[in-house]
Amino acid sequence: MNLEDNQKDEKFWRKFENENKSLHKIDLTDYFKVNGEFQPIIGNVVIYRDNRHLTNTYSESFGPVFEEKIKKILKDE
């Protein structure tokens with residue numbers, strides 16, 4: 001998981017990010033890492049259901065973090 005190049009479209013998104021000033025960005029990747037490496041299990045919770053979807057359990061535990069980030073964006077507008 002850590003060795004795979006999973007951001008194949010990064011060039012497109014970097015351009016989009018730089019050109020679209022109304023785009024709000026949230027980097028949540030640190031919440032999927034332990035000691036700087038992506039982990040399939042964090043705190044005894046399985047993170048991924050498959051290679052593209054989070055488990056319901058991790059989504060539920062992650063919800064408050066996501067909500068806080070969204071509320072901050074809405075507050076700052």
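User: What is a nonpolar core?
Analyst: A nonpolar core is a set of buried residues such as Val, Leu, Ile, Phe and Tyr, joined through side-chain atoms within 4.5 Å. Buried here means under 20% relative accessible area. The structure in question is a predicted model.

User: How many residues does the largest nonpolar core have, and which are they?
Analyst: In general, nonpolar side chains in soluble globular proteins tend to be buried together. In this chain, the largest such group has 6 residues. They are L28, F32, V45, I47, Y58 and F62.

User: Which residues is L28 in contact with, leaving aside its neighbours within four places in sequence?
Analyst: L28 belongs to the largest nonpolar core. With those neighbours left aside, its contacts include F62, which is in that core as well.

User: Is F66 buried, partly exposed or exposed?
Analyst: F66 is found in helix α2, which covers residues 56-76. Its relative accessible area is 40%. Buried requires under 20% and exposed over 50%, so F66 counts as partly exposed.

User: Which residues form a nonpolar patch on the surface with F66?
Analyst: The patch has about 270 Å² of accessible area together. Besides F66, its members are I70 and L74.

User: What pattern does the chain follow along the sequence?
Analyst: The secondary structure comes to 2 helices and 4 strands. Read along the sequence, the pattern is α-β-β-β-β-α.

User: What percentage of the residues count as buried?
Analyst: The chain has 77 residues. Its accessible surface comes to about 6,900 Å², with 51% belonging to carbon and sulfur atoms. The share of residues that count as buried is 10%.

How values were computed
Residues numbered from 1 in each chain as written. Predicted model: local features only at pLDDT ≥ 70, side-chain atom pairs only at ≥ 80, totals over all residues. Heavy atoms only, no water. Buried < 20%, exposed > 50% of the residue type's maximum accessible area, 1.4 Å probe, protein only. Contact = heavy atoms within 4.5 Å. Patch = residues over 30% accessible without salt bridge, like charges linked within 9 Å, V, L, I, M, F, W, Y side chains within 5 Å. Areas by Shrake-Rupley, 256 points an atom, 1.4 Å probe, with all protein chains shown as cover. Salt bridge = Lys/Arg side-chain N within 4 Å of Asp/Glu carboxyl O.
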